[in-house]
Amino acid sequence: MTVVTGSCLCGAVRFDVIGPLRPVIACHCTQCRKTSGHHVAATSAAREHVVIEGEPVWYASSDTARRGFCGTCGSNLFWDGDGANLSIFAGVLDGDPDLRMAGHIYCDDKGGYYELTDDLPKAGGYDANLTTRVPE
């Protein structure tokens, strides 16, 4: 079984993913843009396959989701909503876990200062086909 590791910038929060990761999806929603300063690129894994060391700070960004970040360095790490998967921001993964971008969601909310010029699937809002698939 492959183990992928990741951490915040200062190393106070580290994690291991013991199991498959979903391809990376870019989210252009207003909340993701506000918390990251741009759009978010995230993968996800089955919640039970993610082992977190350290104490992320959790912020309830809506009635159905929370965001995890490091309370020391401020690194955005996780998005935790309904469902079996925990979303993990791709930029905090160590090394090259051999993941690629597979699509974009909430494109209707994207910032006006950039264009989406790739040929990947694009959804105006949420798309369950893009966000919930994790290989077996």
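Trainee: In this predicted model, in which loop does Tyr106 lie, and is Tyr106 buried, partly exposed or exposed?

Mentor: Tyr106 belongs to the loop that connects E10 with helix H2 (128–131), and its phi is positive, about 55°, although the residue is not a glycine. Buried would require under 20% relative accessible area and exposed over 50%. Since the relative accessible area of Tyr106 is 27%, the residue counts as partly exposed.

Trainee: Which strands stand at the edges of the open sheet?

Mentor: The sheet is made of seven strands with mixed pairing, in the order E6-E7-E8-E9-E4-E3-E10. A strand with a single partner has one side left without a neighbour in the sheet, and so the edges are strand E6 (57–60) and strand E10 (101–105).

Trainee: Which residue of E10 stands opposite Val24?

Mentor: Strand E3 (residues 24–27) runs parallel to E10, and four bridges join the two. Within this pairing, the residue of E10 opposite Val24 is Met101.

Trainee: About how much accessible area does the nonpolar surface patch with Val51 have together?

Mentor: Val51 lies in strand E5 (residues 50–53) and is partly exposed, at 37% relative accessible area. Together with Met1, Val3 and Ile18, Val51 forms a nonpolar patch on the surface, whose accessible area is about 390 Å².

Technical notes:
Residues are numbered from 1 along each chain as its sequence is written. This is a predicted model: local features need pLDDT of at least 70, side-chain atom pairs count only at pLDDT 80 or more; totals for chains, interfaces and linings use all residues. Side-chain values use heavy atoms; hydrogens and water are left out. Two strands pair if DSSP finds at least two bridges between them. Patches are made of residues with over 30% relative accessible area and no salt bridge: like charges are joined within 9 Å, nonpolar side chains (Val, Leu, Ile, Met, Phe, Trp, Tyr) within 5 Å. Accessible areas come from the Shrake-Rupley method with a 1.4 Å probe; for residues, only the protein chains shown count as cover. A salt bridge is a side-chain nitrogen of Lys or Arg within 4 Å of a carboxyl oxygen of Asp or Glu. Buried means under 20% relative accessible area, exposed over 50%, partly exposed in between (1.4 Å probe, protein chains only).
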